[in-house]
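Please work through each task with the structure at hand before reading its solution.

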Amino acid sequence: MTPDLFGGLEDTTQRVEALAAGAVVLRAFAAADAHALLGALATVTARAPFRHMETPGGFRMSVAMSNCGALGWVSDRRGYRYAARDPDSDEAWPSIPPCLLRLAGDAAVQAGFPGFVPDACLINRYAPGTRLSLHQDRNERDFSAPIVSVSLGIPAVFLFGGLQRGDRSLRIPLFHGDVVVWGGPARLRFHSVLPLKEASHPLTGEYRVNLTLRKAG
Ligand code: MD3
Ligand code: FE
């Protein structure tokens, strides 16, 4: 445990946990870079502010989202897709900050996916009570590339299911600094995030921020 600047204690011990074939949790892998990552993300979200997208069925998503990279994930009444421009500004998405690109590549190497160069990063912001319902990530062109996810701020419980919607799921708590790499046979597994509990973190306040780095195009 490491004392933080705010009188708390943070577990900064890096550990590798194999979750399933193709899925690896790198505990606290991003802990040392978290401050720099959040600073770089503030620059991104000043240009591409968080917004609540609409699902194709007309519901407002409770997770607030933005993107960086050549492509960004968007949802509206027309469906889910990747787009080169932010529909709110009609400008290109900000580029992926170099510290984030480096972290994602390093994490992918640790998990056995060398040469991972993401072109899209979805930024999800969760307030307490926010959830993400069961889904697969299948809008990307090439499922042979993994997805690298970085969790920052307050904790969440992630449910990791199977290849069929009704398969049983594993409950995985994700904490500040945890990085997960999902590739190979794990790439198309269903997953969801349970409603977040009220908490606060010195670097993010009442929020959890999750970054998913993808090769979308
Ligand atoms: C397993 N995000 O943005 S990250 C998403 O915590 C998403 O915000 C969640 O699911 C979040 O699509 C979960 C972990 C994650 C990301 C992609 C996956 C797990 C995955 C793709 C395949 C299997
Ligand atoms: Fe997902």
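**Exercise 1.** Determine how many nonpolar, polar and charged residues the shell around ligand 1 has.

*Solution.* The model is a predicted one. Sorted by class, the shell comprises eight nonpolar, six polar and five charged residues. In total, 19 residues surround ligand 1, and the closest are Asn124, Tyr126, Trp182, His191 and Arg208.

**Exercise 2.** Identify the polar side-chain atoms that lie by oxygen atoms of ligand 1, and state what share of the ligand's area the protein covers.

*Solution.* Begin with Asp137, where a polar side-chain atom is 3.0 Å from an oxygen atom of ligand 1. For His191, a polar side-chain atom likewise lies 3.0 Å from a ligand oxygen. Next, an N or O atom in the side chain of His135 is 3.2 Å from an oxygen atom of ligand 1. Finally, turn to the area: on its own, ligand 1 has 490 Å² of accessible area, and the protein covers 98% of this.

**Exercise 3.** Locate the space taken by ligand 1 and find which element gives the most to the shell around it.

*Solution.* Ligand 1 takes up the space of the largest pocket. Elements giving two or more residues to its shell are β10 (120-126), β11 (132-135), β12 (147-153), β16 (191-193) and β17 (208-214). Of these, β17 gives the most, with four residues.

Definitions and conventions:
Residues numbered from 1 in each chain as written. Chains lettered and ligands numbered in written order. Predicted model: local features only at pLDDT ≥ 70, side-chain atom pairs only at ≥ 80, totals over all residues. Heavy atoms only, no water. Near = heavy atom within 4 Å. Polar contact = N/O pair within 3.5 Å; in protein donor to acceptor, adjacent residues only side chain to side chain. Areas by Shrake-Rupley, 256 points an atom, 1.4 Å probe, with all protein chains shown as cover. 1 Å grid on protein atoms, 1.4 Å probe; cavity = no way out; pocket = protein on both sides within 12 Å on 5 of 7 lines; lining within 4 Å. Sits in = over half its atoms within 2 Å of the grid points. Nonpolar A, V, L, I, M, F, W, Y, C, P; charged D, E, K, R; others polar.
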